[in-house]
Amino acid sequence: MLQSTEARTGTAIGAPWPESTLAEINQTVAAAAAVADSFGATSAAQRASLLRALSAALEADRANLVAVADRETGLGLPRLNGELDRTTFQLRGFADVLEAGTIHASIDDAAVAGAPPVGRPRLTRVRVPVGPVAMFSASNFPFAFSVLGGDTAAALAAGCPVVVKGHPAHPELSRQTAAIGQRVVAEQGLPAGVFGFVQGGSIEVGVQLVQAPAIAAVAFTGSFKGGTALAKIAGERPRPIPFYGELGSVNPLVVLPSAAANNGAELAATLAGSICLGAGQFCTSPGIILVQKDAASDAFVSSFAAALQGLQPHAMLSAPIRSTFDKGVARWRAAEALTKLVADDSTGAAAPRPFLAEVQAANFIQDHGLHEEVFGSAALVVRVGSVDETIAVLRAIGGSLTVTLWGAETEDEATRSLVRAATQVAGRVLFAGVPTGVAVTAAQHHGGPYPASTQPFTTSVGYAAVDRFLRPVALQDAPAWLIARNGIPG
């Protein structure tokens, strides 16, 4: 059963309702499969109109949706209004990309007379929608990575019907948002199968959705454990399908001595705020802070610990997320090599206290348990003796969504080596600011080597996200009518 709950008090709101049954999931997927060809053949203008209408409908119901989201998540009205702004922005942004012709762009190589290899037939490379996409909503972004979030926008822009699985952490918001999506699809004159919705808190609902034979791809944002389990299922189907999973990240942040010396106190306060933003429930929250061993760096760590000590994160999104955070902090506390810097015990309190500890690089590299993400307001300071040791720590961490390098403004061999190492382990490398906050733009890449994501060559944020749901096809000596469709399937 699903139940809407007041996040701040844990009080149940309204009557519970049942999760989607296997029959309902299969029916929803079948409806998506039935319209996949016709929706895939729609024009850029039709899909852009759908996306703009979805954006307008969210705006029109803003007050109600934000109130429901705040009730179920406790994230606060300013944060949620900003997130709704981002959601409507990216829906309109994908509409812009459609209207610019980017999604349906084709490559046309004219025929060349003669024998191979010089001679060739006419070849036209186009991209076709993969088919119905299963989209798993995230808990930590109830709008932007949820029912009508970026994955849904990208799939619809590509011409793929979507079957969304709502997240049980905000079930009432999910079904109200889904109702808006279904209404807009109907108002646009499109078949209902273009946008489907299923719900459930059990593992079985997600498994059944991924196993549905007509599902052609999966977009997932969530935990490493849940994501890898579903990716395995997607790969073991009779017809394996791509699983685009964002699984979390520790997001190393490197503070070089020059940055610590120039404005260490200001940077320390900025970093503390980033770690506590949204109670640390961002996939890009900095979790590993690499600092060298010198006087300026020592002062930075002291300022950082003091700034973090003075912050109080709000309650976390759900009891399971809070439980996972507490277990992660307990695991870190148990490590003998750690020196605790900020370690207030908040067991039993409604909101967690931030946690910060320090460890030497050699101990960190050897203890694989310290490389694992603790989702929440917690971080480790890793003390390094050189750039080479910093690079060794980054390589030990492996895949990450981001790496931030503060103080890399001056070019030399050591800095070039550090930048190369950062680009090898992360999908986004920052040289200023903090990684929390991901711009929606064409140049964005929100992904990274495993274990940050299952498909490091793709992004779940930005307009390149649509590429996940389009498959290249070469048309050889195609008839004129097909060429005239300019990349839209016949």
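Student: How far is the sulfur of Cys283 from the closest cysteine sulfur, and in which residue is that sulfur?

Tutor: Keep in mind that this is a predicted model. The sulfur of Cys283 sits 17 Å from the closest cysteine sulfur, which belongs to Cys276. A disulfide needs the two sulfurs within 2.5 Å, so that gap is too far for a bond. Looking from the other end, Cys276 has its closest cysteine sulfur in Cys283, again at 17 Å and too far for a bond. Searching the whole structure turns up zero disulfides. Cys283 counts as buried because its relative accessibility is 10%, under the 20% cut-off. Cys276 counts as buried too, at 11%.

Thr436 lies in the loop between strand 16 (426-430) and strand 17 (470-476). With 12% relative accessibility, Thr436 counts as buried. The side chain of Thr436 makes a polar contact with the side chain of Ser274, at 2.7 Å. Setting aside neighbours within four places in sequence, Thr436 is in contact with Ser274, Leu277, Phe282, Thr284, Ser285 and Pro286.

In soluble globular proteins, nonpolar side chains tend to be buried together. Here the largest nonpolar core has 101 residues, and Leu50, Leu51, Phe94, Phe364, Val382 and Phe469 have the most contacts inside it. Helix 2 (residues 44-60) gives the most to this core, with eight residues. Take Leu50: beyond neighbours within four places in sequence, Leu50 is in contact with residues including Phe39, Leu156, Val184 and Leu190.

Five strands make an open sheet in the order 7-6-5-8-9, with parallel pairing. Strand 7 (195-198) and strand 9 (243-246) are the edge strands, each pairing on one side only. From one strand to the next, the twist averages 15°. Strand 8 (residues 217-221) pairs with strand 9 in the parallel sense over four bridges, and Val218 stands opposite Phe243 in strand 9. Helix 1 (residues 22-40) packs on this sheet, touching strand 6 (162-165) and strand 7, and its direction makes about 165° with that of strand 7.

Definitions and conventions:
Residues numbered from 1 in each chain as written. Predicted model: local features only at pLDDT ≥ 70, side-chain atom pairs only at ≥ 80, totals over all residues. Heavy atoms only, no water. Buried < 20%, exposed > 50% of the residue type's maximum accessible area, 1.4 Å probe, protein only. Helix = DSSP H or I, 4+ residues; strand = E, 2+ residues; numbered from the N terminus. Polar contact = N/O pair within 3.5 Å; in protein donor to acceptor, adjacent residues only side chain to side chain. Contact = heavy atoms within 4.5 Å. Pairing = 2+ DSSP bridges. Axes fitted to C-alpha atoms, helices over the stretch in contact; angles between N-to-C directions. Core = buried A, V, L, I, M, F, W, Y, C linked by side-chain atoms within 4.5 Å.
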